[in-house]
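Please open the structure in a viewer and keep the sequence at hand.

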Amino acid sequence: MAPIPKPSAEPQDSPDTYVGLDADAAERRARERGWSTVRALPPGAIITMEYRVGRLNFEVRDGRVTRAWKG
């Protein structure tokens with residue numbers, strides 16, 4: 001039987017540090033810090049809620065990150 005894959009560790013990075021940044025700059029910074037997936041969403045977007053290791057989500061209003069969370 002094949003071994004169960006172990007997900008890689010998430011970057012040791014606080015999502016709160018992205019709030020207030022320009023969306024493009026926030027995405028660049030997140031990728032530099034090791035996030036494998038960065039997702040920018042408009043306020044109130046309907047999204048799936050499955051947790052994905054290595055994904056950082058941004059809520060973006062008027063080109064600025066207003067909220068950030070893992071998963």
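**An exposed aspartate**

Begin by selecting aspartate 62, which is exposed because its relative accessible area of 76% is over the 50% cut-off. The model is a predicted one. Aspartate 62 sits in the loop between E2 and E3. Its phi is positive, at about 55°, although the residue is not a glycine. Most residues other than glycine have a negative phi.

**The sheet**

Next, select the strands on either side of that loop. Strand E2 covers residues 55-61 and pairs with E3 in the antiparallel sense over six bridges. Within this pairing, select asparagine 57: its bridge partner in E3 is tryptophan 69.

The three strands form an open sheet with mixed pairing, in the order E1-E2-E3. Strand E1 (37-41) and strand E3 (64-70) each have a single partner strand, so one side of each is left without a neighbour in the sheet. From one strand to the next, the twist averages 25°.

**The helix and the core**

Select helix H1, residues 23-32, which lies across E1, E2 and E3 and runs at about 170° to E2.

Which residues make up the largest nonpolar core? It has 11 residues in all: Tyr18, Ala23, Ala26, Ala30, Trp35, Val38, Leu56, Phe58, Val60, Val65 and Ala68. H1, E2 and E3 each supply at least two residues of this core.

Finish at valine 65. Leaving aside residues up to four places away in sequence, valine 65 touches Tyr18, Val19, Gly20, Leu21, Ala23, Ala26, Phe58 and Glu59.

Terms used
Residues are numbered from 1 along each chain as its sequence is written. This is a predicted model: local features need pLDDT of at least 70, side-chain atom pairs count only at pLDDT 80 or more; totals for chains, interfaces and linings use all residues. Side-chain values use heavy atoms; hydrogens and water are left out. Two strands pair if DSSP finds at least two bridges between them. Helices (H or I, at least four residues) and strands (E, at least two) are DSSP runs, numbered from the N terminus. Axes are lines fitted to C-alpha atoms, for helices over the stretch in contact, and angles run from 0 to 180 degrees between N-to-C directions. Contact means heavy atoms within 4.5 Å. Buried means under 20% relative accessible area, exposed over 50%, partly exposed in between (1.4 Å probe, protein chains only). A nonpolar core is a set of buried Ala, Val, Leu, Ile, Met, Phe, Trp, Tyr and Cys residues joined through side-chain atoms within 4.5 Å.
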